[in-house]
Amino acid sequence: MDLDSIECVSSSDGLDEDEIHLHHTLHPYSLSHHHPELSATKPRNGSNNSGIAVPTATAPATSVHELLECPVCTNSMYPPIHQCHNGHTLCSTCKTRVHNRCPTCRQELGDIRCLALEKVAESLELPCKYYSLGCTEIFPYYSKLKHEALCNYRPYSCPYAGSECSAVGDIPFLVAHLRDDHKVDMHTGCTFNHRYVKSNPREVENATWMLTVFHCFGQYFCLHFEAFQLGMAPVYMAFLRFMGDENDARTYSYSLEVGGYGRKLIWEGTPRSIRDSHRKVRDSHDGLIIQRNMALFFSGGDRKELKLRVTGRIWKEQNPDAGVCIPNLCS
């Protein structure tokens, strides 16, 4: 689908409609944030000047940390840790990459496990690698990886759906990245009114475009609208994602409405966190899905042009655990 031919006319919070022409250039943007891992042993009890015990963390000897670092990939090693006949170690992943040759002395590697180093690793407790981002948890060496894969402080991936963007960072960074690098439209307010126009809607192919980021209740939300094939049927889909973690996303709800000529489709749901990939949300059909024929019916005319108006709003649940939806007005 030719994204340059899509016109989006939008308004927010009662404002007059503004005409917006989309010219999205799907360029990859690569940005990686490296957060050095802080290493520490199990916290020991210390005392301050008042004599009250306070937890402290002591960094292990550099030599221990270096012993657990694979010389090939420089990542921390986990069992099985292999060694050559001269005692040089490396991780199991890199053992296959070096074709059974020690990268240090070039001697042939056998199937020797370095059990002593594995035991040393068991005695260590280390902080999460996202310590600098706010995580204060300390974990046994072998539990750390599992936690870091799910840590609430880990960086977010770029939620832009139109390219394989590798940018990662916190929410303020991603908001600026979406605005400056992907040229995404930004709106303030908890209601929206979009009109999607496509001159030749029968040329439906897999295509994605994200039109708007909304700022309301002090949070950011991504509104997606796209066309794709659902089986053999061409469909349009609109859904909302929350720029934050899943637990926070569940405290909000949203509605989407599309219709015309006395007919109406309404969707109400909870925004998905951007921790869930765009494809995962789309493939779960968690949003407003409109068949092409219905969308063209709502568009009116001779059904040769898509003119689809989607309205919606976002509200915050007063008590999400109670299962009762009580919308608040946006301030």
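How many aromatic pairs does the structure hold? I looked this up at the start, keeping in mind that the model is predicted. I count 11 aromatic pairs.

**Entry: Tyr-78 and Tyr-141**

I began with the rings of Tyr-78 and Tyr-141. Their centres are 4.8 Å apart. Their planes meet at 25°, so I note the pair as stacked, the cut-off being under 30 degrees. I then checked where the two residues sit. Tyr-78 is in the loop between helix 1 (62-67) and strand 5 (81-83). Tyr-141 is in the loop between strand 9 (138-140) and helix 4 (144-150). The pair links distant parts of the chain, 63 residues apart.

Buried or exposed, I asked of Tyr-78? Tyr-78 counts as buried, because its relative accessibility is 17% and the cut-off is under 20%. Tyr-141 is buried too, with a relative accessible area of 2%.

**Entry: Tyr-78 and Tyr-142**

I stayed with Tyr-78 and turned to Tyr-142. The ring centres of Tyr-78 and Tyr-142 lie 6.1 Å apart. Their planes are at 55°, so this pair is tilted. Tyr-142 is in the loop between strand 9 and helix 4, and Tyr-78 in the loop between helix 1 and strand 5, so the pair ties together parts 64 residues apart in sequence. Tyr-142 is partly exposed, at 30% relative accessible area.

**Entry: a cluster**

Which residues form one aromatic cluster? I listed Phe-217, Phe-221, Phe-242 and Tyr-252.

**Entry: charges over rings**

I also looked for arginines over rings. The charged end of Arg-275 sits over the ring of Tyr-156, 3.8 Å from the ring's centre. Arg-282 lies over the face of Phe-228, and here the distance to the ring centre is 4.5 Å.

Conventions:
Residues are numbered from 1 along each chain as its sequence is written. This is a predicted model: local features need pLDDT of at least 70, side-chain atom pairs count only at pLDDT 80 or more; totals for chains, interfaces and linings use all residues. Side-chain values use heavy atoms; hydrogens and water are left out. Rings of Phe, Tyr and Trp (its six-membered ring) pair if their centres lie within 6.5 Å; planes under 30 degrees apart count as stacked, over 60 as edge-to-face and the rest as tilted. Helices (H or I, at least four residues) and strands (E, at least two) are DSSP runs, numbered from the N terminus. Buried means under 20% relative accessible area, exposed over 50%, partly exposed in between (1.4 Å probe, protein chains only). A charge sits over a ring if NZ of Lys or CZ of Arg is within 6 Å of the ring centre and within 35 degrees of the ring normal.
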